[in-house]
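Thanks for coming, everyone. Please bring up the sequence and the model, and keep both in view while I talk.

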Amino acid sequence: MSERIIIRGGRVIDPARRLDEIADVLLDSGHIVEVVRGGAADGAREIDARGLVVAPGFVDLHTHLRDPGLEYKEDIASGTRAAARGGFTTVCAMPNTQPAMDNRATVEYVLRTAAAEAIVRVLPIGAVSKDRAGEALAELGDLAAAGCVGFSDDGAPVDDATLMRRALEYASAFGLPVIDHCEEPSLSHGAVMHEGWVATRLGLRGAPAAAESSMVERDVALAAATGAHVHIAHVSTRAAVDAVRRAKARGVHVTAEATPHHLTLTDETVAFGALGGDALLYDTDAKVNPPLRPQDDVDACVDGLADGTIDCVATDHAPHALIEKLCEFDEAAFGMSGLETAFGLCMRLVHAGRLDLATLVERMTLGPVRALGLDRVVPGIATLAAGAPADIVLLDPERAWVVDPERFASKGKNTPLAGVTLRGAVVATVAGGRMVFESEAELV
Amino acid sequence: MTTIRTPEPRPAEPAAPAIAPSPDDTAWRRRHLLDLDDFGAEEIELLMTTTDAMKEVLAREVPRVPALRGSTIMTLFYENSTRTRSSFELAGKVLGADVINVAASSSSVTKGESLVDTVKTLQAIGADVIVMRHSRSGAPYLAARHASCSIVNAGDGLHAHPTQALLDLYTMRARLGDVRGRKVVIVGDVLHSRVARSDMWLLTSLGAEVVVCAPPTLIPQGLADAGEGQLPPVRVETDLDVAVRDADVVMALRMQNERMTGGFVPGVREYSRLYQVNEGRLARAKPAAFVMHPGPMNEGVEISHEVAHGLQSQVEGQVANGVAVRMAVLWLITRVGGRSRA
């Protein structure tokens, strides 16, 4: 299983120790042994990482593994293989499964299945309400005891403000956050994309940015009132970024994430596709919730990620079957398959000079860990400290590749990026000391 | 796609006596008619002159020509429509095509068969052209992407209704000549109107001054301040008395009852008081101004009975021109479609 490996000569970035230098990383029996220069490595498998970046494995706070119940979209085996290809060594599984992860038995099923079939770490997120119906609290204590690292009704907001208040208060007893998908339903009713000129051009119903930001403001107010921790899922608007920034400045316990697609793609992708052009595409693979927004919102999210208002990148990996996207735009499912393109897409920000590489690595490793406090569950996670789990990713920031969904490990081929060239590739992923992904071309 | 129909020997170049194909029909390269947002003046001109020829055919004692003999046109309407469907059907028949009306339920999803499968099935049966009406914006684009036959959009959701806009233009030109510099006021529920969207594209591309008038709740987002090329360059005005001043054409849009209850406006009374096209308001337009309506009309709501049936109304003329415009579209589309498969 796990072996003795020495990764030689890479640029080692370990945000936890503010390390950014050329070094060797020695792993043994699933743990980091040391990060040194010219380390001895008797009997270890040597990996030449010269020209590559060596970093802690990525952590995704927002993955839809679809298992149990929706295995035709994804399952724990395929989803974690997709994670490995994307450089992720930990994924947090969202609870909108069938049945929902609103009870201990389902969470235990996920953990049991993950122990048998997953190739990276799976940390479950429990539902806030029974059946995710937004009416009565799920047994959060039981879910916490089963190993949940947070609670969310994601896919839907916690619409009822009192339920949200109670959830925040109750969850604080276990030191766990409530993760909210912020969307005021009365403002977004019937919407299939962002409201603006693109929606008008396409004749599609749009949701205004205020549908998101008004609920972010509400959640911030409730977090301030209760002293509890709210984590805002997939922030996508300038107003929401501003709300989080102001709240943090006031000392409210709020954290936030943004997806690679909301950081890089605009609502024009729905009309014209990620490759651009003049022809209207009605690209159902660009139909996501929250919707892709105009450039100004994208810029605000990038600024928020750079200055730390947004704590981390999270994929909102939402795999769907082909037929759920090969249909009229209104009928198509929301979501895109995101694990395998996350790093390459975010590298656009680095190549554009909007973010430095070390910061991006932080936002995909230590950032998410600190946002949810995952190091309490997995000590040493997302660090390269001696004794930490040997979760490592090797990256080539310059390598260009063309997105081909047919090569995804995910069952979800739903990405608007098919045919798009991304610069920045995951070369290899080591999870728990085991090589779980090696890119075909690069490693010798 | 394979065709199970035994290919009939087709006239080498469709014999079209007296349908004088325009001198420059190479201007037409489209296999599908989906929207007018990317039409050039040359193509529009070709459509208009072809429509003239079709009008001439319709005026004959026996209005039949064999131009599309051997072609199969299927109408696939997921939404009810009397005038558009029968207008397309007649257009096909006048040109000698076989026209088959396919019954479709209100939604392909509830029916179980996907739109793509339905289109491929119709094509396999032998459709050369599918004329499609769908409640979902963009549905014809999906069909066109997966079809080798021609797709004609007969109205998709809130998005576009190109043949309606073409007949509106034809009707305007019959009265005004060129529309360049003419002031066209479109009043009413622009937000939910595919006709308005297609009209705005077509008229602005020909240099007409288009003013859109509605309460702010019924104006699409981004219309007033869109960047160049994003949306048609129209002016937005919320006061109808101001909007109609010196107008050449006033077009009223249907105000559906569900908008009254949907919170977009307080109700019929106030809406008709503020936005009804009536004689008093029309008096502010140019003396020769005329009124149009894509139908069906809610008389007494968006348009007064007197105006709808008055001397300045062109509503019936619109309907009559519909057949000729659709003949022109089917004729031009089929020539390209036929060539592309040959």
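Let me start with a question: is helix α5 (residues 139-146) of chain B mostly covered or mostly open? Mostly covered. Six of the eight residues of α5(B) are buried. Here are the names: Ala139(B), Pro140(B), Tyr141(B), Leu142(B), Ala143(B) and Ala144(B). And what do these buried residues of α5(B) pack against? Three elements of chain B: α4 (115-125), β3 (129-134) and β4 (150-156).

One caution before I go on. This is a predicted model.

Now chain B as a whole. Chain B has 13 helices and nine strands. There are 342 residues in chain B, and 49% of them count as buried. Take the contacts in chain B between residues at least 6 apart in sequence: 76% of those join residues at least 24 apart.

Next, the domains of chain B. Domain 1 covers 25-157 + 321-341, and domain 2 covers 162-311. Their C-alpha centres lie 26 Å apart. How many residues are in contact between them? On the domain 1 side, 21 residues, and on the domain 2 side, 15 residues. Three elements of chain B each supply at least two residues of the domain 1 side: α1 (41-58), β4 and α13 (315-341). By class, the domain 1 side in chain B has 10 nonpolar, six polar and five charged residues.

One residue in chain B deserves a stop. Find Ala288(B), in the loop between α11 (279-282) and β9 (290-292) of chain B. Buried or exposed? Ala288(B) has 9 other C-beta atoms within 10 Å, so it is exposed; the cut-off for exposed is 12 or fewer. Now look at Asp248(B). Asp248(B) and Ala288(B) are 40 residues apart in sequence, yet their C-alpha atoms are 7.1 Å apart in space.

Over to chain A. The domain assignment gives domain 1 as 5-53 + 389-438 and domain 2 as 57-376. The C-alpha centres of these two domains of chain A lie 25 Å apart. In the contact, 33 residues of domain 1 of chain A meet 45 residues of domain 2 of chain A. Which elements give two or more residues to the domain 1 side? In chain A they are β16 (392-402), β17 (421-431) and β18 (434-438). β17(A) gives the most, with seven residues. The class count for that side of domain 1 of chain A is 21 nonpolar, seven polar and five charged residues.

Now a sheet in chain A. Five strands form an open sheet, in the order β9-β10-β13-β14-β15 (chain A), and the pairing is parallel. Why is one side of β9 (151-152) and of β15 (312-313) of chain A left without a neighbour in the sheet? These two strands stand at the edges, each with a single partner strand, so one side of each has no neighbour there. Look at the β15(A) edge. Two bridges join strand β14 (residues 254-258) of chain A to β15(A). Ala258(A) has Val313(A) in β15(A) as its bridge partner.

Helix α7 (residues 209-226) of chain A touches β10 (178-180), β13 (230-232) and β14 of chain A. The direction of α7(A) makes about 165° with that of β13(A). Helix α8 (residues 238-249) of chain A touches β13 and β14 of chain A. The direction of α8(A) makes about 150° with that of β14(A).

Stay with α8(A). α8(A) also packs with helix α11 (residues 295-307) of chain A, at about 25°, with the axes 8 Å apart. That angle makes the two helices, α8(A) and α11(A), roughly parallel. α8(A) contributes Arg238(A), Val241(A) and Arg245(A). α11(A) contributes Asp296(A), Asp297(A), Ala300(A), Cys301(A) and Gly304(A). By class, this contact has three nonpolar, one polar and four charged residues.

Last, the two chains together. How many residues does each chain give to the contact? Chain A gives 20 residues and chain B gives 24 residues. On the chain A side, the largest share comes from helix α6 (residues 197-202) of chain A, with five residues. The chain A side divides into 10 nonpolar, four polar and six charged residues.

Definitions and conventions: Residues are numbered from 1 along each chain as its sequence is written. Chains are lettered from A and ligands numbered from 1 in the order in which they are written. This is a predicted model: local features need pLDDT of at least 70, side-chain atom pairs count only at pLDDT 80 or more; totals for chains, interfaces and linings use all residues. Two residues are in contact if their C-beta atoms, placed from the backbone, lie within 7 Å. Helices (H or I, at least four residues) and strands (E, at least two) are DSSP runs, numbered from the N terminus. Ala, Val, Leu, Ile, Met, Phe, Trp, Tyr, Cys and Pro count as nonpolar, Asp, Glu, Lys and Arg as charged, and the others, Gly among them, as polar. Two strands pair if DSSP finds at least two bridges between them. Axes are lines fitted to C-alpha atoms, for helices over the stretch in contact, and angles run from 0 to 180 degrees between N-to-C directions. Domain bounds come from an automatic or database domain assignment. A residue is buried if 20 or more other C-beta atoms lie within 10 Å of its own, exposed if 12 or fewer, and partly exposed in between; C-beta atoms are placed from the backbone. Angles under 35 degrees count as roughly parallel, over 145 as roughly antiparallel, 65 to 115 as roughly perpendicular and the rest as oblique.
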